[in-house]
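Subject: Structure for your review

Dear colleague,

Please find below the structure that I am handing over to you. My findings follow directly after it.

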Amino acid sequence: MRIRLPEHVELTINISPEIKGDIRIAPLLYISLIENAFKHGISNNKPSFIRLEIYPLKERIVCSITNSSFPKDEKQNKSGSGIGLSNLEKRLNLLYPNRHIFTCALENEEYHSELIIHPEKDPLV
């Protein structure tokens with residue numbers, strides 16, 4: 001995606017090398033959060049940004065995404081069904097019951113989402 005972005009978009013990705021190889025997260029778990037950042041965080045003509053961090057915190061994994069906010073006009077928006085985050089929450093409740101914290105909020109024209117997972121065991125076993 002970085003190649004496709006206009007020059008006025010700042011993209012920062014920081015994935016910690018300290019994440020141990022034995023920690024396993026369900027496949028494509030973060031994709032809805034990342035897609036939303038690109039869908040709602042980029043303007044074609046205004047300065048925009050996306051900041052993505054994934055890092056360990058004690059025995060947990062944190063995925064934090066902050067992006068500029070450019071809400072789409074719902075009447076003209078045909079880029080998706082709008083169920084990504086609700087599906088993510090359902091998936092988290094199935095895979096990580098009582099072992100995750102998911103928050104998202106819009107503040108000062110910035111959208112912030114954070115997912116903290118305590119992956120005690122492989123969620124697919």
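From the N terminus on, the elements of the protein run β-α-β-β-α-β-β, giving two helices and five strands. Helices (H or I, at least four residues) and strands (E, at least two) are DSSP runs, numbered from the N terminus. Please note that this is a predicted model, in which local features need pLDDT of at least 70 and side-chain atom pairs count only at pLDDT 80 or more, while totals for chains, interfaces and linings use all residues. Residues are numbered from 1 along each chain as its sequence is written, and side-chain values use heavy atoms, with hydrogens and water left out.

Of the 125 residues in the protein, 35% are buried (buried means under 20% relative accessible area, exposed over 50%, partly exposed in between, with a 1.4 Å probe and protein chains only). Among contacts (heavy atoms within 4.5 Å) with a separation of 6 or more, 67% are between residues 24 or more positions apart.

Beyond its neighbours within four places in sequence, L33 is in contact with C63, I65, L85, L88, F102, S113 and L115.

A search of the whole structure finds one salt bridge (a side-chain nitrogen of Lys or Arg within 4 Å of a carboxyl oxygen of Asp or Glu). The partners are E10 and R51, whose closest N and O atoms are 3.6 Å apart. This pair links distant parts of the chain, with E10 in strand β1 and R51 in strand β2, 41 residues apart. E10 is partly exposed because its relative accessible area is 39%, and R51 counts as partly exposed at 36%.

Is S16 buried or exposed? S16 counts as buried because its relative accessibility is 13%. This residue is placed in the loop between β1 (9–15) and α1 (31–40). Not counting residues up to four places away in sequence, S16 touches I54, Y55 and P56.

With kind regards
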